[in-house]
Amino acid sequence: MRGCDEEMQSRCPHNIPGEPCPAECHYAACSRPTHKVASDISILLNPDLNYDASVKEVCRVCEHFLKNGPDLSTVDPSVRRQGNPNRFLL
């Protein structure tokens, strides 16, 4: 719910597993004091990070999430990863 206003939250299915947030919510800016866009390529391209655990798309380039986010080793193997074919294209 980061960056989402009350109207967005009223129609967001974020409480329904497997249902994505509407685009304007999923791509909303983050105003948390911990948000900082990462610039270190080794942090941005961590192959062991569970990027699917990010709350919003902006988290995937946030230094805080990239350093503190969950490892892939914590994911239940029966859960199918969403994947992002463009994740590592620069």
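The protein chain exposes about 6400 Å², of which carbon and sulfur atoms supply 53%, the areas being computed by the Shrake-Rupley method with a 1.4 Å probe and, for residues, with only the protein chains shown counted as cover. This is a predicted model, in which local features need pLDDT of at least 70 and side-chain atom pairs count only at pLDDT 80 or more, whereas totals for chains, interfaces and linings use all residues. Residues are numbered from 1 along each chain as its sequence is written, and side-chain values use heavy atoms, with hydrogens and water left out.

**Confidence**

- The mean pLDDT of the protein chain is 75, and 66% of its residues reach 70 or more, pLDDT being the predictor's confidence in each residue on a scale from 0 to 100.
- Confidence is lowest in helix α1 (residues 6-11), with a mean of 69, and highest in α4, with 92.
- Where pLDDT is low, the predicted coordinates should not be read in detail.

**Overall architecture**

- The secondary structure consists of four helices and zero strands, where helices (H or I, at least four residues) and strands (E, at least two) are DSSP runs numbered from the N terminus.
- Of the 90 residues in the protein chain, 23% are buried; buried means under 20% relative accessible area, exposed means over 50%, and partly exposed lies in between (1.4 Å probe, protein chains only).
- Among contacts with a separation of 6 or more, 49% are between residues 24 or more positions apart, a contact being heavy atoms within 4.5 Å.

**Nonpolar core**

- The largest nonpolar core has nine residues, namely Ala38, Ile43, Leu44, Leu49, Tyr51, Cys59, Cys62, Phe65 and Leu66; such a core is a set of buried Ala, Val, Leu, Ile, Met, Phe, Trp, Tyr and Cys residues joined through side-chain atoms within 4.5 Å.
- Helices α3 (41-44) and α4 (63-68) each supply at least two residues of this core.
- Ile43 is in contact with Tyr51, Leu66 and Lys67, once its neighbours within four places in sequence are left aside.
- Leu72, in the segment after α4, is partly exposed at a relative accessible area of 25%, and its C-alpha atom is separated by 8.5 Å from that of Tyr51, 21 residues apart along the chain.

**Two serines**

- Ser54 lies in the loop between α3 and α4 and is buried, with a relative accessible area of 10%.
- A polar atom of the Ser54 side chain lies 2.9 Å from the backbone oxygen of Tyr51, and a polar contact of 3.0 Å joins the side chains of Ser54 and Arg60; a polar contact is a pair of N or O atoms within 3.5 Å, of which, within protein, one must be able to donate a hydrogen and the other to accept it, and residues adjacent in sequence count only if both atoms are side-chain atoms.
- Not counting residues up to four places away in sequence, Ser54 touches Cys59, Arg60 and Phe65.
- Ser42, found in helix α3, is exposed at 52% relative accessibility, and its side chain makes a polar contact of 2.8 Å with the side chain of Asp40.

**Cysteines**

- The count comes to zero disulfides, a disulfide being a pair of cysteine sulfur atoms within 2.5 Å.
- Cys30 is in no disulfide, and the nearest cysteine sulfur, that of Cys59, is 6.1 Å away, which is too far for a bond.
- Cys30 is buried, with a relative accessible area of 17%, and Cys59 is buried at 4% relative accessibility.
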